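I opened this model to look up its confidence, fold, cores and salt bridges. The entries follow in the order in which I made them.

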Amino acid sequence: LADETIDIDSLIMGTDIRGLEILPAGKATEGASELIASARMGQIATRLARHPRRLVLFDTPPLLASSEARALKQLPGQILLVTRAGRTSRQALLDAIALIDKTKLHGLVLNDAHASDGDGYYTHYGYSGYGAPQR
């Protein structure tokens with residue numbers, strides 16, 4: 001972002017997974033939030049998304065803990081909010097959702113959740129996990 005002479009496509013790295021390419025974030029730098037909020041970032045995001053078969057994902061630090069993540073939420077597109085089970089408080093999740101344009105929020109992912117064989121809704125009806133009814 002800081003060096004406008006670099007062609008962004010030259011930084012995209014292939015992987016051993018067909019169709020998966022990665023654009024590394026690069027080195028940490030002072031003023032990263034300002035660079036991410038810049039017109040150049042918008043141009044780069046638009047250019048990356050221009051390919052009809054390309055899905056562009058921005059993996060960011062936590063929204064409440066990072067000004068960089070808050071700067072990225074201004075880009076057009078959809079937002080998928082990921083939260084960690086047992087670690088993210090309900091209030092923190094609500095605060096993060098409040099920062100997001102609701103028309104862009106397209107889902108929540110609960111990460112690191114573990115199913116139990118406890119006394120939950122489905123076990124009450126004789127189901128254990130996703131298997132057949134217990135007998």
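Entry 1, confidence. I looked up the mean pLDDT of the protein, which is 84, with 85% of its residues at 70 or more; pLDDT is the predictor's confidence in each residue, from 0 to 100. Confidence is lowest in helix H5 (residues 121-124), at a mean of 54, and highest in strand S1 (residues 13-14), at 94. I noted that this is a predicted model, where local features need pLDDT of at least 70 and side-chain atom pairs count only at pLDDT 80 or more, while totals for chains, interfaces and linings use all residues. Residues are numbered from 1 along each chain as its sequence is written, and side-chain values use heavy atoms, with hydrogens and water left out.

The order from the N terminus is β-β-α-α-α-β-α-β-α. I also looked up contacts (heavy atoms within 4.5 Å). Of those between residues at least 6 apart in sequence, 60% join residues at least 24 apart.

Of the 135 residues, 18% are buried; buried means under 20% relative accessible area, exposed over 50%, and partly exposed in between, with a 1.4 Å probe and protein chains only. The accessible surface is about 10,900 Å², and carbon and sulfur atoms hold 54% of this surface. Areas come from the Shrake-Rupley method with a 1.4 Å probe, and for residues only the protein chains shown count as cover.

Which residues form the largest nonpolar core? I listed Leu63, Ala69, Ile79, Leu81, Ala96, Ile97 and Ile100. Strand S3 (79-84) and helix H4 (90-98) each give this core at least two residues. Another core lies apart from it and has six residues, including Ile36, Met41, Ala71 and Leu75. A nonpolar core here is a set of buried Ala, Val, Leu, Ile, Met, Phe, Trp, Tyr and Cys residues joined through side-chain atoms within 4.5 Å.

I searched the whole structure and found four; the criterion is a side-chain nitrogen of Lys or Arg within 4 Å of a carboxyl oxygen of Asp or Glu.
- Arginine 47 pairs with aspartate 9, with the closest N and O atoms 2.8 Å apart. Arginine 47 is in helix H2 (residues 39-49) and aspartate 9 in the segment before S1, 38 residues apart.
- Glutamate 21 meets arginine 54 at 3.5 Å, N to O. Glutamate 21 is in strand S2 and arginine 54 in the loop between H2 and helix H3 (67-72), so this bridge ties together parts 33 residues apart in sequence.
- Aspartate 112 pairs with arginine 84, the closest N and O atoms being 3.2 Å apart. Aspartate 112 sits in the loop between strand S4 (105-111) and H5, and arginine 84 in strand S3, so parts 28 residues apart in sequence are tied together.

Is arginine 47 buried or partly exposed? Arginine 47 counts as partly exposed because its relative accessibility is 34%. Aspartate 9 is also partly exposed, at 32%.

Terms used. Helix = DSSP H or I, 4+ residues; strand = E, 2+ residues; numbered from the N terminus.
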